[in-house]
Amino acid sequence: MTRHKILVVEDEALVADDMAASLEDLGYNVTSIAASGKDAIESARREPPDLVLMDIFLKGELDGIETAHKILSIMDIPVIYVTAYADEKILERAKITEPFGYLVKPFHNRDLHINISMALYKAEITARLKKMEKELSKAKKLEAAAVMAGGVAHDFNNLLFAILGNISLAKEGFEEGEDISGYLDTAEKTILHARDLTNKFINFASKAEPYKTPLSIAHLIENVCKDFERKTGMQCRILMSDPECKADADYAQIFQALANIIENAGEHVNNDTGTINIKVDNIIPFAGNIDMPDNNQDDFCMLKNCKYIRISIKDNGSGIKKEDISRVFDPYYSTKERGARKGMGLGLAVAYSIIDRHEGCIKIQSKPGSGTEVCIFIPASAKSGK
């Protein structure tokens, strides 16, 4: 049976020797006895132990807690603190290093053995969990890549099918002397759709840094909505609390992000003549006077204590289930069926990436049957309005 290696860190020689003897009697292998923090770090580097018994009060520049912190920064080793004082402030400091045990002198060999056995067991379980988390993270990334690859292939296959179909019809019509301009127009539009899909993929993959200039949010949203209304026949209802608000942003990138989110909202309204409600205001997140979405999406949105422009885009659709909200920005993840105007694919993933590059974030509030509100937060320009 392999004997576990223990590093003893204790500046009282008699106490250290007695502790080492007890450990040997219990079947452990004492790799070294260190009398200072510096010696302990060097010993741990020279011969990594399975566990460290660390006296909190050490002579020299580093006490036991500081020494443990430095050792843990270079290697993952369980630490058990040993001290003659159970002071509350010391305990609070010690907690920061997440020790695997805490022994108060004097203690019996049985207590020492129990603490070490439990610490080694806990360390083994923790290591297994970390390995499983790493493997799970890798599996999720592979799954996301597979979903995205399948989505891109599906979309391009549909586009190529439409292009080839219209070209074939055009060839037949040309041979029979028919007017083939309609087929060619459709093929051209489909090619432009393929170009747009390629640009979205490039935008998502390249993560190009934004070229920021002072940007009028009112002017931007007006242009995005005009483009959306022209394409879909739907309407945007815009409410601006501050028409003069500005952000230091890349016009083309933010235009693309808003267009993708508004288009997605348009796919969810109850009918094709529906209205998308857009509200714009200035906020300071921790001022205590604003309402925030309540889905607790800390992974989506970590706001700083500074002035933001909030752009709220709301539809009256069927809403999103709570378990689906955390995945709505994954490439090609969708709760919708695919079809002529279904399944945006990369649109929302691109929007999220762009907003993140602008040091902003996105929050979603949605319940099944109650529609969805997407809130975009972009840092306001220092020269912004109110």
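**View 1. Strands β7 and β9 run parallel, joined by six bridges.** The model shown here is predicted. Strand β9 covers residues 275–283. Look for I238: its bridge partner in β9 is I278.

**View 2. Helix α7 packs on the sheet.** This helix spans residues 217–232. It touches β7, β9 and β10. Strand β10 is made of residues 308–315. The direction of α7 makes about 170° with that of β7.

**View 3. Helix α8 packs on the sheet too.** Residues 251–268 form this helix. Its contacts are with β7, β9, β10, β11 and β12. Strand β12 takes in residues 372–379. Between the directions of α8 and β10 the angle is about 25°.

**View 4. Five strands make an open sheet.** Trace the order across it: β7-β9-β10-β12-β11. The pairing is mixed. At the edges stand β7 (235–240) and β11 (361–366). Each has a single partner strand, so one side of each is left without a neighbour in the sheet. From one strand to the next, the twist averages 20°.

**View 5. The second largest pocket holds about 360 Å³ of space.** Its lining consists of 17 residues. Nearest the centre of the pocket lie L72, D76, E98, F100 and K130.

View 6. The largest share, five residues, comes from α5. By type, the lining of this pocket has nine nonpolar, four polar and four charged residues.

Technical notes: Residues are numbered from 1 along each chain as its sequence is written. This is a predicted model: local features need pLDDT of at least 70, side-chain atom pairs count only at pLDDT 80 or more; totals for chains, interfaces and linings use all residues. Side-chain values use heavy atoms; hydrogens and water are left out. On a 1 Å grid over the protein atoms alone, a cavity is a set of points where a 1.4 Å probe fits but cannot get out, and a pocket is an open set with protein on both sides within 12 Å along at least five of seven lines; lining residues have an atom within 4 Å of a point. Grid points are joined across faces, edges and corners, and a volume is the space filled by probe spheres set on the points. Helices (H or I, at least four residues) and strands (E, at least two) are DSSP runs, numbered from the N terminus. Ala, Val, Leu, Ile, Met, Phe, Trp, Tyr, Cys and Pro count as nonpolar, Asp, Glu, Lys and Arg as charged, and the others, Gly among them, as polar. Two strands pair if DSSP finds at least two bridges between them. Axes are lines fitted to C-alpha atoms, for helices over the stretch in contact, and angles run from 0 to 180 degrees between N-to-C directions. Contact means heavy atoms within 4.5 Å.
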